[in-house]
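Welcome, and thanks for taking a look at this one. Here is a short briefing to read alongside the structure.

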Amino acid sequence: PVAITRLRDISSSLHLTLHSCQSSRTTRKAHDVTARRRAAAKATEAADTTRQVIHSFPSQTFHSTQVQPSSQLLPLDVAPRRLATSHFDNDYREQVLLRDGTHATLRFVRPSDHDLWVDGFSRLSVQSRYNRFCAAKKRLTEKEIQYFTNVDQNNHFAIVAVSNNEDGNEIGLGVARFIRSKDDPRRAEPAITVTDDAQSQGLGTLLARRLAMAAKERGIESFDSSVLGSNTKVIHLIKEVAPTSMFRRYGPDTVVSTKLFEDDKAKLMSAA
C-alpha cells in the first residue's frame, strides 16, 4: 500500500509536470504567434511608408529638363506627415521647360534678388497687382522688398522661377511662398504670383505643387488663404491642383482651405 501510494504521488507529480510543460509550450507558442504577427505588421507598415515616400517624391520630379507628365507629378493631397529627407534645401535648383518653350529655373529666393523684384513688379499689370495685393499698388517699398527677399526658408519659405535674357541676366517669371501661422505652426498662408508675360504656360500650377511639397517637408498640414472672388484664374488653379479644397465666400473675398495630408484620392493634374 505504501509503495502504491508513492507511485500515485509520483504519477501525480509527473502529470503536473507534464501539464506545466504543456502549458509553457502553449504559452510560448502564443507569444511566438503574437510576435510574428507584430513583426509582420511592422514590416507591412514600413513597406507602405516606403512606397508612400517614393510615390510622393519621384526622382524624375527634381533637376528635370522639362515639366513632367501628370503621371509623375505629386498630387497635392498625398504625403507622409513628416519626411526624413529634404529636397528643398539651399542646393535646390530645378530646370523646367514651359509650354511656350521657355527654359526656366526654380530656386530659393535670395536677399540679392532686390533688382529682380523691382523688375518683376514693373511687369505686372494693374489687374495682376490688384489680385495679388487686393489693392491698387504702383510700386513696392524698400521695406516690402526686404521682407519678400529676406526669408528663413522655414517659417517664411519662397522659391522663384527665373529665365535668362539675351545678356545672360536673370528675369523673374513667378514666385511662390508660404508664411507659417504664429497661432498654429501646422498651418500656413500661401501666395503665388506669375508675371503677365509668363501666365498660361503651366508655371503657376508647377509653383503651387512645389510649394505644397516644400510645406510638407516643413511640417505644414494645411494652407489657408483669402482670394478675391473675381480672381477666377487663381480659383481655377486651386480647384485644378487641389480639388478637395474648401471654398467659403465672404463678401468679395473667398477663403480657401487646403489640407495637405489626405488619403490618395486626389486627381493627378498636369503641371504643363
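The count of salt bridges in this predicted model comes to nine.

**Salt bridges**

- Arginine 187 and aspartate 224 meet through their side chains in a salt bridge, at 2.7 Å from N to O. This pair links distant parts of the chain, since arginine 187 sits in strand β5 and aspartate 224 in strand β6, 37 residues apart.
- How accessible are arginine 187 and aspartate 224? Arginine 187 counts as partly exposed, at 32% relative accessibility, and aspartate 224 also counts as partly exposed, at 24%.
- Aspartate 184 forms a salt bridge with arginine 186, with an N to O distance of 3.1 Å.
- Is aspartate 184 buried or exposed? Aspartate 184 is buried, because its relative accessible area is 17% and the cut-off for buried is under 20%.
- Glutamate 144 and lysine 137 meet in a salt bridge between their side chains, at 2.8 Å from N to O. Glutamate 144 is partly exposed, with a relative accessible area of 23%.
- A network of salt bridges links Arg107, Asp113 and Glu170.

**Strand pairing around β8**

- Strand β6 (residues 222–228) and strand β8 (residues 253–259) run antiparallel and are joined by seven bridges.
- Within that pairing, valine 227 has threonine 254 of β8 as its bridge partner.
- Strand β7 (residues 246–250) also runs antiparallel to β8, with five bridges between them.
- Which residue of β8 does arginine 249 stand opposite? The answer is threonine 254.
- β7 and β8 form a hairpin with two residues between them. In the turn, glycine 251 has a positive phi of about 60 degrees.

**A closer look at serine 225**

- Serine 225 is found in strand β6.
- Serine 225 counts as buried, because its relative accessibility is 13% and buried means under 20%.
- Leaving out residues up to four places away in sequence, serine 225 touches Glu189, Pro190, Thr254, Val255 and Val256.

**Nonpolar cores**

- The largest nonpolar core has 27 residues, and those with the most contacts inside it are Phe157, Phe178, Leu203 and Phe223.
- Which elements each supply at least two residues of this core? They are β2 (103–108), β3 (156–164), β4 (170–180), β5 (187–194) and α5 (203–217).
- Helix α5 gives the most to this core, with eight residues.
- Leucine 203 touches Leu98, Ala161, Leu173, Gly174, Val194 and Ala198, when residues up to four places away in sequence are not counted.
- There is also a second, separate core of 13 residues, which includes Leu116, Trp117, Phe121 and Val162.

**Overall make-up**

- The protein has six helices and eight strands. From the N terminus on, the order of these elements is α-β-β-α-α-α-β-β-β-α-β-α-β-β.
- Of the 272 residues of the protein, 40% count as buried.
- The protein exposes about 15900 Å², of which carbon and sulfur atoms supply 53%.
- Among contacts between residues at least 6 apart in sequence, 66% join residues at least 24 apart.

**Confidence in the prediction**

- The mean pLDDT of the protein is 74, with 64% of its residues reaching 70 or more.
- Where is confidence lowest, and where is it highest? Helix α1 (residues 2–56) has the lowest confidence, at a mean of 46, while β3 has the highest, at 97.
- The pLDDT is below 50 over residues 9–21, and this stretch has zero contacts in the model beyond near neighbours in sequence.
- Residues 43–84 also have a pLDDT under 50, yet for them the model has 91 contacts beyond four places in sequence.

How values were computed: Residues are numbered from 1 along each chain as its sequence is written. This is a predicted model: local features need pLDDT of at least 70, side-chain atom pairs count only at pLDDT 80 or more; totals for chains, interfaces and linings use all residues. Side-chain values use heavy atoms; hydrogens and water are left out. A nonpolar core is a set of buried Ala, Val, Leu, Ile, Met, Phe, Trp, Tyr and Cys residues joined through side-chain atoms within 4.5 Å. Buried means under 20% relative accessible area, exposed over 50%, partly exposed in between (1.4 Å probe, protein chains only). Helices (H or I, at least four residues) and strands (E, at least two) are DSSP runs, numbered from the N terminus. Contact means heavy atoms within 4.5 Å. Accessible areas come from the Shrake-Rupley method with a 1.4 Å probe; for residues, only the protein chains shown count as cover. Two strands pair if DSSP finds at least two bridges between them. A salt bridge is a side-chain nitrogen of Lys or Arg within 4 Å of a carboxyl oxygen of Asp or Glu. pLDDT is the predictor's confidence in each residue, from 0 to 100.
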